[in-house]
Amino acid sequence: MSEKVKVKISEKTGRSDKNAPEPIELPVIAMRGIVLFPRMILHFDVARAASIRALNAAVQGDRKIFMVAQRETENEEIQADMLYSVGVVASVKQILKPQDDVLRVVVEGEYRAKLLEMTSTDPYLRARCQEYPVRLPRRGNSILCEALIRTVKDYFEEYCMLSPKMPREFVMGVFMSDDPMYIAEYIAGNIPMPVEQKQAILEQNSPTRRMEQLAAILENENQILSAEQEIQEKVREKIDKNQREYYLREQMKAIAEELDEDENPENEVEEYLQKIAKLGLDDECREKLEKEARRLYKMPPSSHEAGVVRGYLDTCLELPWNKKTKDKLDVAKARAQLDRDHYGMKKVKERITELIAVRSLAPDIKGQIICLYGPPGVGKTSVARSIAKAMGRKYARLSLGGVRDESDIRGHRKTYVGSMPGRVMNAIKLAGSQNPLILLDEIDKLGSDFRGDPSSALLEVLDAEQNLAFRDHFIELPFDLSDVLFIATANDLSTIPAPLLDRMEVIELSSYTREEKYQIARKHLIRKQMHRHGIKATQLTLKKDAVYTLIDNYTREAGVRSLEREIASVMRKCASKIASGECEKISVDAAKITELLGTAKYKPDALDSFDQAGVVNGLAWTSVGGELLQVEVSVLKGTGKLELTGSLGDVMKESAQTAVSVVRRIGEQYGIDPDFHKNCDIHIHFPEGAVPKDGPSAGITIVTALISALSDTKVRHDVAMTGEITLRGRVLPIGGLREKTMAAYRYQMKTVIIPKQNEPDIEEMEQVVREALEIKPVSLIEQVLEIALCERKKPSPVQHAKEAPLLPPPALSGSETACPLPQ
């Protein structure tokens, strides 16, 4: 059913008999959103099938029907508890059928009735109802009733003033009547009012209380209408003001055009406002920028403050608000791009392909912050550019080396002269995208002084939970950095503050092996330098042994920068020969390298090719790769002194002392005098004394050298070893195994002894190294000695060795003396 179309009030008086009338049974129509009052003529539409059947039943009878309001208007099915208990008995005056399934009905309310019980629900609603007469007011209440009538009329008059579209006949009908029941029903039936309030008035028996309810409703409606009118007046005033300002601005534009003024503040501000509107910013950012633009309009164009505001607006408008590039999510193509640009770097490539794969499944993932850690020259910076290319992102580099001012990261406040945004926002502006790849180069070289700590400012930038609303001091607006892929590079993690390091995923890039350097030179560096020097592939041939000569004899580094410089030097000399006409085609081999570049800068260490006592091959890790480091032990007659030479660090000195204690514990098994620590001086030396050395990984090497020297047992010259030793003789794991085994391969070792716990690292070794070397994992020092020591005569038991007289030591040259050794 729809809302009423036309309402009329008849002047018939309601019935109010003292005798209770008899209940009657009538068809029922449940009305949705409508309350019918007595003496009201109502037009409405009927669409529900049960209501249509009830109307037909009423027309076939005495045309009486009971109309009652429904509590929940959205329910199509009707139940007894959904209906109010009081309704109106009406007579059906007219029925029209404008559509097939809709009836248009005209009814007139006759009197109130109370629902006693529902007698039938199928095929339509029928109910027993009884007339519900109104109680007549007492004689003493006539004054109160008159006062309520006047109050209601006053409120109704105010209501009509606030709602000027009220029909004149409706207003006159209220003011011409003094019947409280008629006034209450007439007003309630003709003004907009919630169904609950209309029903409450209908159910009220007392005329005075009914008038009190109506007065409260009218007062509340008047207050709401007054508030609405005030709001409309404010809106109208604002519109009028805007129109007036627009008119004045148009006049100013016309005047400026007539005077041929180039600098028109109004045009400038209008241009800024149009640019701000096109950015699609949130309310906070838009209101801030619009406020600054309007401030500019009120300033003299040539003032310093106007220049500051103009620079601020230009900087903010240049930022890539809501501009993003679409990521390339093809894992295979990304991997091919990375392989094409860089050789090796397995961990980095796997991590980036994983990131691309995850983004293809979860595009909204945030907070990817990666730190590439490794020695200089291994390609950390160049691989970041390659990652941006593989992902289809804009690239921006942020050099942090030597940055000491916190404002370099967060920007300077615009109140300072010469202020500017920080490096992060400047990189975003240069990239021109809200989701670029930003390289934080040399993050380990950040400094700090009285101007602040820039590493602390980076905590917010690199925190995925905070950087979605990063506020630069100059911009002063929240900018979302959560879509930025940050990649940091570092050479030394120890200088990075722990909170900053905790926010990054560290991927270690180890130094290149000899084979990797050759592959990089062959696939990338030679081609790059030939193109740079204008040499064609048909004019120059760089043979394999020439490249290996450059790697071994002219460079000593972890990366390939020096190698590239040496290749560039070879290219320059060859280009000189070609350009001078000395030759048209050059083939460069190892001998030609010496002719072009001169004497080798680095010569390989000459290792002895025979077994000897007291000399053991150890393996060490350096920033330029793995190295083979020999340990020499000399046992001399003395008072038990321990000499350590070779520029050793504290950790290595303590490792040597631990090794001596281990030898004292197990030495008797190898025929060593138990009192050697009292009667002999031991000198442990590490060659290349000018090179600082430190670390615990030479522990088993020192023990082996001591056992060999004290027992006069030779050590295999083709065995190299690495591992930390404990007082109980256990062998602990070490780092840098990949580089160390590459050094053993380079020096043509046959066997390498490693800690048992380092067995998983064997998979990371080069394939050629695994095939050439025999890897021996050990967990105890006895296993090391069994592999490294050559066969020797079994010593007599210790107790017999003590009883046997010692032979005099052999004569030594000069003043040198030696400790007596068991025979």
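This is a predicted model: local features need pLDDT of at least 70, side-chain atom pairs count only at pLDDT 80 or more; totals for chains, interfaces and linings use all residues.
A cavity is here a set of grid points where a 1.4 Å probe fits but cannot get out, and a volume is the space filled by probe spheres set on those points. The largest cavity is lined by Leu607, Asp608, Phe610, Asp611, Gln612, Val615, Val616, Asn617, Gln630, Val715, Arg716 and His717. Strand 18, which spans residues 615-622, supplies the largest share of this lining, namely three residues. Sorted by class, the lining of the largest cavity comprises five nonpolar, four polar and three charged residues.

The structure holds three aromatic pairs, one of which is formed by Trp321 and Phe479 in an edge-to-face arrangement, with 5.1 Å from centre to centre and 65° between the planes. Because Trp321 lies in the loop between helix 9 (304-318) and helix 10 (331-341), whereas Phe479 belongs to strand 12 (residues 478-479), this pair ties together parts that are 158 residues apart in sequence. Both Trp321 and Phe479 are buried. In another of the pairs, the rings of Tyr518 and Tyr548 have centres 4.8 Å apart and planes at 10°, and the pair is therefore stacked, since planes under 30 degrees apart count as such. Tyr518 is located in helix 17 (residues 514-532) and Tyr548 in helix 18 (residues 544-553), so that the pair ties together parts 30 residues apart in sequence. Tyr518 is buried, with a relative accessible area of 10%, and Tyr548, at 13% relative accessibility, likewise counts as buried.

Among the helices, helix 2 (residues 142-162) has 21 residues and reaches 30 Å from its first C-alpha to its last, which is close to the 30 Å expected at 1.5 Å a residue. The buried residues of helix 2 include Cys145, Leu148, Ile149, Val152, Lys153, Phe156, Tyr159, Cys160 and Leu162. An α-helix has 3.6 residues a turn, so residues three or four places apart point the same way.

Several features of the backbone were also noted. A cis peptide bond, with omega of about 10°, joins Asp122 and Pro123, and Pro123 lies in the loop between strand 6 (102-120) and strand 7 (126-131). Glu476, although it is not a glycine, has a positive phi of about 65°; Glu476 is found in the loop between strand 11 (470-471) and strand 12, and at 29% relative accessibility it counts as partly exposed. Gln748 is also not a glycine, yet has a positive phi of about 60°. Gln748 is placed in the loop between helix 24 (737-746) and strand 26 (751-755), where it is exposed, with a relative accessible area of 68%.

A further proline, Pro777, lies in strand 27 (residues 774-778) and is partly exposed, with a relative accessible area of 28%. Pro777 and Ile753 are 24 residues apart in sequence, while the distance between them in space, C-alpha to C-alpha, is 5.9 Å. When residues up to four places away in sequence are not counted, Pro777 touches Ile754, Pro755, Lys756 and Glu759.

Technical notes
Residues are numbered from 1 along each chain as its sequence is written. Side-chain values use heavy atoms; hydrogens and water are left out. Rings of Phe, Tyr and Trp (its six-membered ring) pair if their centres lie within 6.5 Å; planes under 30 degrees apart count as stacked, over 60 as edge-to-face and the rest as tilted. Helices (H or I, at least four residues) and strands (E, at least two) are DSSP runs, numbered from the N terminus. Buried means under 20% relative accessible area, exposed over 50%, partly exposed in between (1.4 Å probe, protein chains only). Contact means heavy atoms within 4.5 Å. On a 1 Å grid over the protein atoms alone, a cavity is a set of points where a 1.4 Å probe fits but cannot get out, and a pocket is an open set with protein on both sides within 12 Å along at least five of seven lines; lining residues have an atom within 4 Å of a point. Ala, Val, Leu, Ile, Met, Phe, Trp, Tyr, Cys and Pro count as nonpolar, Asp, Glu, Lys and Arg as charged, and the others, Gly among them, as polar. The expected span of a helix is 1.5 Å times one less than its number of residues.
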